[in-house]
Structures are given as structure tokens and as C-alpha cells.
Amino acid sequence: MFVSDSLSVNEKHHLTIGGCDTVDLAEKYGTPLMVFSEDGIRRNCRKFVSSIEENYDGKGLALYASKAFSCLAMYRLCKEEKMGVDVVSGGELYTALKAGFPPEKIFFHGNNKTTDELIYALESGVGRIVADNREELARLSKLAAARSLRPKIHLRVKPGIDAHTHQFIRTGQIDSKFGFALETGEAMLAVKEAIADPNLELVGLHCHIGSQIFDIDPFEHAAEVMLTFMAQIKEETGVELSELNLGGGFGIKYTEQDNPEDFTAYMKRVAVVVKKQCAEKNLSVPFIVIEPGRSIIGAEGITLYTVGSVKEIPGIRTYVSIDGGMTDNPRYILYQSEYEILCPSKADLPKDAVVTVAGKCCESGDLIQENAPIQTVQAGDLLAVLSTGAYNYSMASNYNRVPRPLVLAVRDGKEHIIIQRESYEDLIRNDQ
Ligand code: LLP
């Protein structure tokens, strides 16, 4: 019935997550409130870890793309679940290390890593640095030499695949700020430079074709393109690279209409292509890395708000204003993302109204959804937006000096705080 198995409705008609009544949680902790099903997140992690086991005899690693939602508790959970993590900034790296995450299982990404970030990654001994461009390769080489280090690196390659998704979240095509292009010969040139560089150890390649992708075909295609390139590298340089990172991007359910395949199906089908390509091209099956973010956490998080006013504009629309908005969820403004919204105190009652859910910011575009079907609500009612686990809190801002919400994780029917609500004091912490 819902976007995740972690969600249900109890005998009071209240929405539950991980067995906890969301109405009780909102009463106890206030709103806006984000709640994650820790059991659901762990379930997803385990599915990815076991699909590496099943499809590649364990010769691979599932990384959690921590840009989707980054905090100490999430890195601790990933460590317990035997995942690696992908970080894209010094801040994510710092959080992971503070959580006690093993540095050798951290992969450092980014299209414009600063010198300070490269030094930080080198000195903390991250597992792989994924180099994005030639300037970075040259800079990294110098920084490594100065420290007598020889980091293991991957090169980020644009495989030239235009996966069908929103233009801001597709990344594998030639017109992208990320990585080296295959078509232009740029990628081969970078590979040769990296192989020749005594300060760097090129061990593999990386690609990521986009996010919220439902079709399996583009993933299969990407694997084929990357292995063709690896065979070409072997032919031209004699070097057989031993690792291949195929990125993340598996789509999740936001609304009833979304019907993504279970991500274990992607894993299976891509593995078939990988093995077939390797056999045909006389390559050993590389160590396979994947880096899902959204599919681990997206559908396992919800946001609870309180309705402050219901403003009906006859013949036009009805605005339902809530105590959060673009500051905790900028995805509607950015991508016109669709969400399922409901009133958690009448979760299984028919949705008899169609409303526009507006945030509290001083900005007309601050909307969470337009024309959303929902139960009839009035001021004081709660509202739940589902599938807000990925790229919501992590893209939150303090626009209008709105503090970020409190975040709970629910496990075995019990909740605990994983991020405190920001206070007004927090907001002025760096002001002079
Ligand atoms: N690896 C790389 C190199 C990435 O750039 C990304 C996402 C991932 C892995 C994880 O992709 P996922 O499995 O989560 O789809 N803010 C956008 C999504 C941006 C995705 C950025 N990169 C949104 O809210 O939809």
C-alpha cells in the first residue's frame, strides 16, 4: 500500500513507521520532524551486500553514497552493515571519520576537490580517490609525492550514456561537469598519464550515469561500455585494471505510479553483462563497486509537519501551509519531484481533497507539492510527506533562518534521536 514496507496504519488509523505511531512521535518531539526506519535502511544495506556476495562471489564492495543523507549515526550504521561509503567533500569525510568509519573503505569523489580536501583525503588514508580531471591528477601527484604516499585511484569516466531522468541529476552523458569523456579520447589520455605517474596507483575506473533511473538497460549498457574501455586499455597499455565502480542511481518509489524494479534485479542483470563482457574480452572479472544512495535511504524516511493554515482561493486552489518547506525539502522547487502526502491521523481514510502544500518561507515558490490528493485537513492537523529520506535533510538550508528539523531513527518499534533540532543559538554560532 505504501512506498515502503516500513510504513503501515494502526487500529487508530494512524500512520506508523517501523512500528511507531507517527502522531505520538510528533506530539513527543514536535514538528517538523524527520523519521527514519532504521530496520528498513539496514534491510536495504543487507540486500546490496548480499547481492555482491551472490553475483560476484563477494569480490566487490557496496558503498553508501552518503550525499543522500550524512550524519554520524548513518556512517556508524554503514560500518556495522559492512558497507563502504562514498564521500564528496571534506565535511562528509570528517563526519565519516568522526563516526569511526574505517578510512580504507571510504571512496573520495568530487569534480572540484580543493587542495585542502585532497591533503585531508591523502593524510587520512582513504581507500580510493576518484580523480575527475587532469588538473586534479597533476595536483594529487605532487601532493602525494611530497608526503611519500602513493594513493590508489580511480578515474571517473563519462560513458556517454544519457539515462532518462531529470536533467540536473543525470551525469553520464558527454555534456556533464563530471569526469573524463570517452568519445573525445580524453579518458584514454588520462589513463595513460595516470599509469605513467609513479606517485599514483591507478587501480580502476568509475562511472555513474544518473539518479532515480527505473530502466535496467542503461546500467547494462554502462557496464558494457566500461568493460569495452578496460579491454582497450589492456590492449593499448598492457595494463589490466582490477576494479570497476558502476555507481548508483537505482530508482525508488515516490508515488503510487512509480514502479521501480527491486534493486536486486539490477544487480543480477548487470552481473550477467559484466561476466559475459569479461569472458568475451578475455578480462578477469574486476572487483565490482556500486554506490547506491537513494535506494538505501530514500523510501525509509518521512517528514512530519503541522498545518498552520488552510487558505482556499475559490476557483483557483487551496494552499495548506506547513511549518517547514523548501528549507528541509528543496526537491520540488529544484526538480518538481512528486511525493505522496497524507494526514497521519487519518492515514487510511479516503483522500477527498486536492491541495497545494506550501512551506513557511518568504518565497512564492516554496512549495512541497501542487495538486496533491490528501485527506481534508485543517489547522493543527499533521501532514506526512513520504520518501523524504534521500536528498532532503542533506540539501536542507537555513533560508529565512529556519532551523533544521529533529531527526529520529526507529528500530524494533523504539525511536531515538540521531540529529537534534537546530536551535536559534545554533543559527548564530558563526556570526561575529
Ligand atoms: N555516485 C555518484 C558519483 C553520484 O554522483 C551519486 C549521486 C551517487 C553515487 C548516488 O546516486 P543515487 O543512488 O542516490 O541515485 N539531489 C538529487 C540527486 C543528486 C544525485 C547526485 N549524485 C535529488 O534530490 O534527486
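Okay, Tyr391 and the ligand: a side-chain N or O atom of Tyr391 sits 2.6 Å from a ligand oxygen, where a polar contact is a pair of N or O atoms within 3.5 Å. The side chain of Arg331 also has an N or O atom 2.6 Å from an oxygen of the ligand. From the backbone, a polar atom of Gly249 lies 2.9 Å from a ligand oxygen. On its own the ligand has 580 Å² of accessible area, and the protein covers 92% of that (Shrake-Rupley, 1.4 Å probe).

Bear in mind this is a predicted model, with local features needing pLDDT of at least 70 and side-chain atom pairs pLDDT 80 or more, while totals for chains, interfaces and linings use all residues. Residues are numbered from 1 along each chain as its sequence is written, and side-chain values use heavy atoms, without hydrogens or water.

So, who's around the ligand? There are 19 residues, and Ser211, Glu291, Arg294, Arg331 and Tyr391 come nearest (near means a heavy atom within 4 Å). That shell splits into six nonpolar, seven polar and six charged, with Tyr counted as nonpolar and Gly as polar. Domain 1 (7-37 + 298-427) and domain 2 (109-292) each supply at least three shell residues; the bounds come from an automatic or database assignment.

Next, the second largest pocket. The space in there is about 450 Å³, and 20 residues line the pocket, with Val3, Ser4, Asn44, Lys47 and Asp262 closest to its centre. A pocket here is an open set of points on a 1 Å grid, for a 1.4 Å probe, with protein on both sides within 12 Å along at least five of seven lines; lining residues have an atom within 4 Å of a point. This lining has six nonpolar, six polar and eight charged residues.

Key
A polar contact is a pair of N or O atoms within 3.5 Å; within protein, one must be able to donate a hydrogen and the other to accept it, and residues adjacent in sequence count only if both atoms are side-chain atoms. Grid points are joined across faces, edges and corners, and a volume is the space filled by probe spheres set on the points.
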